Amino acid sequence: ELKNKRFSFIKFYLRRVRRILPAFLIVLFTTLVVAFFFLLTADLKAFVESLLSSLGFFPNIYFWITGGYFGSNDELKPLLHLWSLGVEEQFYLFFPIVFFLIFKNFSKLSYKVLFILLIVFISYSLNIFFISKGHLDPNFFLFPARIWQFGLGVIAAILPLLKFRNIIIKI
């Protein structure tokens with residue numbers, strides 16, 4: 001779409017909303033109804049906080065702050081699995097803007113790939129740094145430590161467009 005000058009941020013985000021929001025809202029509503037009947041008041045309060053953070057697309061941050069993924073009371077967190085959706089939505093929030101800037105500022109596809117690889121390297125280095133310091137929960141939950149995974153997916157999506165023989169010569 002960028003190449004054909006048909007890209008629209010609004011259309012991109014509307015496609016994400018149409019794909020994710022219906023099932024997401026059904027999960028939240030169904031879980032809320034069930035939680036209302038099965039959770040105690042204190043657990044219901046924590047559940048509502050997790051529900052609100054999920055609606056704001058930052059449940060990964062909420063669950064990181066409130067104890068991690070493998071804590072003692074995690075069976076009482078019915079929305080804990082939505083941490084990954086939070087990371088995904090944060091990717092969808094930032095990726096189009098970054099990709100648009102890369103696409104506009106670099107003319108050659110090989111330079112675009114190199115810049116994306118630089119972002120992957122920085123994120124992976126951050127990941128290794130957190131691991132070396134024993135900070136496993138931030139690595140697990142936070143978007144900056146996971147950008148490298150999305151970046152490798154972007155590279156995999158771009159690979160069919162590359163002419164490898166020309167990349168080595170033109171770099």
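Lys-45 and Glu-49 sit four residues apart in helix H2 (residues 41-55), so about one helical turn separates them. Helices here are DSSP runs of H or I with at least four residues, numbered from the N terminus. The two residues form a salt bridge, meaning a side-chain nitrogen of Lys or Arg within 4 Å of a carboxyl oxygen of Asp or Glu.

This is a predicted model: local features need pLDDT of at least 70, side-chain atom pairs count only at pLDDT 80 or more, and totals for chains, interfaces and linings use all residues. Residues are numbered from 1 along each chain as its sequence is written, and side-chain values use heavy atoms, without hydrogens and water.

The structure holds two salt bridges.

| Salt bridge | Closest N and O atoms |
|---|---|
| Lys-45 with Glu-49 | 3.0 Å |
| Glu-88 with Arg-19 | 3.1 Å |

Glu-88 in helix H4 and Arg-19 in helix H1 (residues 9-38) are 69 residues apart, so this pair links distant parts of the chain. Lys-45 is exposed, with a relative accessible area of 55%. Glu-49 is partly exposed, at 33%. Arg-19 is partly exposed at 47%, and Glu-88 is partly exposed at 22%. Exposed means over 50% relative accessible area, buried under 20%, and partly exposed in between (1.4 Å probe, protein chains only).

Methods: Helices (H or I, at least four residues) and strands (E, at least two) are DSSP runs, numbered from the N terminus.
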